[in-house]
Amino acid sequence: MFELTYYGNALIARRIKESGDMNGDEINKTFIQGESGPKRFYKGTLNFVDVTRRIYVLWTTEILIGREPSCDICLPDKRVSRKHAIVNVGVDGARFCDLQSSNGSARNGEKVEGVIILNNGDILEIGGAFKLGAKVREKDDVVESLLISAGVEEYLLTQSEMLIGRDPARVDVAADDPEMEPVHAQIEFIYDTPIITSLVEAKPVMVDGHPTRSAGLRPFSILLIGNTKFTWRF
């Protein structure tokens, strides 16, 4: 197995389980992607400052996973098919479909046949090469977002907003920060402009050093929510 690790501007697949068919030099040559990140539907990236973790915001309900660089989540391993799987998010569920890939997919160790409904906490195995985590956020039995984790890289599929707070069951991006409220802030897009809003009147968010209830974000804005610092890029 491999996990994705971000070094500078390069996304590298790091060995976490021996595959026996490639040496270290071959891995480095094969898996460095250069400027990483999805291109279609991309709205911005929320980066944790104190830990290596970044969340790409994709304003869509469907993404393609595969080996080709044009895929929304590119997994550069020869065991992953060029177009391996599709993930779709609807109000009634988040779905995963293997596209008759060569090496198949599994959910929680069970082979995927056809289309499956993803549950919160599912682990997807792609081609026997990568493990992806799935986090489904629902409100009133309606799916509002899906967060796919690939190591330190995470991909949020949403067409409403990104919620940030301390309660992982209620937000998309959770931080273990006692100064952060369970649901503290949201980032939404109004006419393609990212807007951050504090959802707790007594605790404004800090944007570039200034407390605010709501503010537009600029490239490289610095955010402080509770005691957790982020940067925003797009």
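Guide: This is a predicted model, where local features need pLDDT of at least 70, side-chain atom pairs count only at pLDDT 80 or more, and totals for chains, interfaces and linings use all residues. Residues are numbered from 1 along each chain as its sequence is written, and side-chain values use heavy atoms, with hydrogens and water left out.

Visitor: Why is W59 called partly exposed?

Guide: Its relative accessible area is 22%. Buried means under 20%, exposed means over 50%, and partly exposed is in between (1.4 Å probe, protein chains only). So W59 counts as partly exposed.

Visitor: And F189, is that buried or exposed?

Guide: F189 has 14% relative accessibility, so it counts as buried.

Visitor: What makes W59 and F189 an aromatic pair?

Guide: Rings of Phe, Tyr and Trp (its six-membered ring) pair if their centres lie within 6.5 Å. Planes under 30 degrees apart count as stacked, over 60 as edge-to-face and the rest as tilted. For W59 and F189, the centres are 5.1 Å apart and the planes are at 70°, which makes the pair edge-to-face. W59 lies in the loop between β4 (54-58) and β5 (62-66), and F189 in strand β18 (residues 185-190), so the pair ties together parts that are 130 residues apart in sequence. Strands (E, at least two residues) and helices (H or I, at least four) are DSSP runs, numbered from the N terminus.

Visitor: How many aromatic pairs does the structure hold?

Guide: It holds six. W59 and F189 also belong to one aromatic cluster with W232 and F234.

Visitor: How do you know that the charged end of K43 sits over the ring of F189?

Guide: The rule asks for NZ of Lys or CZ of Arg within 6 Å of the ring centre and within 35 degrees of the ring normal. The charged end of K43 is 5.7 Å from the centre of the F189 ring, and it counts as sitting over that ring.

Visitor: What makes β7 and β8 a pair?

Guide: Two strands pair if DSSP finds at least two bridges between them. Strand β7 (residues 85-90) and strand β8 (residues 93-98) are joined by six bridges and run antiparallel. I86 has C97 in β8 as its bridge partner. A hairpin of two residues connects β7 to β8. On to strand β11 (residues 115-118): four bridges join it to β8, again antiparallel.

Visitor: Which strands pair with β16?

Guide: β18 is joined to β16 by three bridges, antiparallel. M162 stands opposite I187 in β18. Strand β17 (residues 173-174) pairs with β16 in the parallel sense, over two bridges.

Visitor: Why is the contact of R95 with D92 called a salt bridge?

Guide: A salt bridge needs a side-chain nitrogen of Lys or Arg within 4 Å of a carboxyl oxygen of Asp or Glu. The closest N and O atoms of R95 and D92 are 3.1 Å apart, so the label holds. R95 is partly exposed at 27%, and D92 is exposed at 55%.

Visitor: What makes K111 and E113 qualify?

Guide: Their closest N and O atoms are 3.9 Å apart, so they meet the rule. K111 is exposed at 61%, as is E113 at 57%.

Visitor: How many salt bridges does this rule give?

Guide: The count comes to 13. R137, E144, E161 and D172 are linked in a network of them.
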